[in-house]
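I am opening my notebook on this entry and will write down what I look up, item by item.

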Amino acid sequence: MIKKNVVVIGGGAAGFMAAITCASQNSDLNVSIIERHSRFLSKVKVSGGGRCNVTNDCIAVPELLKHYPRGEKGLLNVFARFAVADTIAWYNSRGVSLKTEADGRMFPQSNSSDTIIECLNEAARNSGVKLCDSISVKEILTVDGKFLLKTNRNDLEADYLVIACGGFPKMEQYDFIKRLGHTAKEPVPSLFTFNIPDKEIHKLSGVSFKNVEVRIPSVRQKHQGAILITHWGLSGPAILKTSAWAARELFDCNYEFEICVNWLNLTEEQTRELLKKEFLEKSKTKITNVKISNLPSNFWQYLLYRANIFAEKLCAEIGKLDLNKLVQLLYRCTFEVKGKSTFKEEFVTAGGIPLNEVDMKTMQSKKVPRLFFAGEILDIDGVTGGFNFQAAWSTGWLAGNSIATQMG
Ligand SMILES: Cc1cc2nc3c(=O)[nH]c(=O)nc-3n(C[C@H](O)[C@H](O)[C@H](O)COP(=O)(O)OP(=O)(O)OC[C@H]3O[C@@H](n4cnc5c(N)ncnc54)[C@H](O)[C@@H]3O)c2cc1C
């Protein structure tokens with residue numbers, strides 16, 4: 001019997017998972033991965049600061065879905081087949097155990113992304129997947145029920161095709177897929193930090209808070225979590241989460257907007273009561289020496305500077321006006337954001353192939369039979385914490401499984 005050819009375009013997380021699943025579940029298929037670079041799995045290598053944040057200990061699917069600003073609905077069908085527990089089991093069964101950190105992020109026990117790369121390479125080898133590097137697919141044609149791939153080298157033929165090319169930052173990079181009849185949602189960056197041109201806040205670089213509330217009133221976004229003051233503005237999980245949920249709106253306003261931070265994550269009334277109590281108890285203390293909650297001293301000095309309060313004033317001398325100013329600065333501290341910076345550890349593209357053009361129970365295109373999609377090429381993206389890889393493993397597994405069973 002002549003074996004059918006399955007070609008996976010893209011040697012990243014999703015492409016490997018699709019190819020390995022397909023080849024290991026059906027030995028009647030010739031499965032190859034085509035990668036334009038000389039190295040495979042290059043994002044896995046650098047991910048999680050070189051440790052690879054493989055997934056998140058978010059086992060329950062309804063909870064898991066809440067971490068995807070785009071793709072939540074479509075992923076329901078995908079995660080019903082392959083979710084976090086399946087990822088953990090998949091790696092365990094191949095000798096890789098994962099450990100969970102306090103915030104739920106899961107890494108290989110070795111703390112090295114090489115462990116994941118070696119595991120995927122070995123699984124590909126064992127299942128007979130052919131790895132073809134330095135081949136870039138330029139054009140995809142459909143001829144006599146088969147795919148003809150025009151590349152920088154020879155033409156390639158495929159009976160089944162999986163597009164797992166990752167997210168493209170520019171719209172024109174989707175053209176070779178659009179020519180097959182698909183559309184693409186405009187790509188915009190997600191997971192970035194906010195630039196704040198306030199030199200005084202830059203001086204607090206390194207100061208962090210465990211649990212603040214961040215709000216962007218103009219786009220009605222509100223998120224909680226840890227925050228880090230940097231020498232260019234604000235970073236940390238709460239900021240990255242906000243950047244992801246508001247990725248498209250913030251792109252539309254050219255990354256110029258107002259942000260409000262509730263540093264203590266208390267209500268306005270609780271903040272007022274806390275300050276009043278402190279000032280009453282320390283009435284003879286200079287305001288500069290007061291310690292409110294766990295606020296670092298240099299941060300407190302910054303608030304006094306912004307409130308224009310003389311640091312040598314005694315607490316007893318703080319009137320209603322000064323109290324109000326401090327309450328507002330703690331409860332609703334506003335900053336003008338002008339621009340964004342790339343987060344060093346993780347960034348993704350929001351946008352790509354719309355999910356309504358894909359059967360999310362199989363990952364097959366609704367426009368072109370035997371064409372499948374997996375990974376970040378789809379209009380799916382998650383917040384930080386291993387959720388983007390989880391989407392890549394899950395969609396990759398489902399695409400590979402669907403081809404293997406269609407052919408079985
Ligand atoms: C620095 C960094 C760190 C990250 N860390 C984490 C993390 O710790 N946890 C997490 O969950 N997410 C992380 N992410 C996000 C995560 O890496 C991606 O969401 C994930 O890699 C997507 O997998 P993918 O297989 O869809 O795409 P990719 O990993 O991007 O793979 C796509 C592959 O396709 C190839 N390709 C593209 N076009 C063609 C073509 N025409 N012909 C041939 N080959 C082609 C590309 O060269 C690439 O190798 C990180 C991202 C970055 C940038």
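Which residue in S5 is the bridge partner of Thr 100? I looked it up and found Met 106.

Before going further I note that this is a predicted model, in which local features need pLDDT of at least 70 and side-chain atom pairs count only at pLDDT 80 or more, while totals for chains, interfaces and linings use all residues. Residues are numbered from 1 along each chain as its sequence is written.

Sheet. I took strands as DSSP runs of E of at least two residues and helices as runs of H or I of at least four, numbered from the N terminus. I find S4 and S5 (residues 105-108) paired in the antiparallel sense over 3 bridges, where pairing requires at least two DSSP bridges. The open sheet has 3 strands in the order S3-S5-S4, with antiparallel pairing. S3 (55-56) and S4 (98-100) are the edge strands with a single partner each, so one side of each has no neighbour in the sheet.

Helix H14. I checked residues 387-406: the 20 residues should span 28 Å at 1.5 Å a residue, and the end C-alpha atoms are 28 Å apart, which agrees; the expected span is 1.5 Å times one less than the number of residues. I count 18 of the 20 as buried, so H14 is largely enclosed by the rest of the structure; buried means that 20 or more other C-beta atoms, placed from the backbone, lie within 10 Å of the residue's own.

Contacts. With contact defined as C-beta atoms, placed from the backbone, within 7 Å, I list among the residues that Ala 164 touches Val 8, Ala 18, Ile 377 and Gly 396, leaving out residues up to four places away in sequence.

Key:
Buried ≥ 20, exposed ≤ 12 C-beta atoms within 10 Å, placed from the backbone. Contact = placed C-beta atoms within 7 Å.
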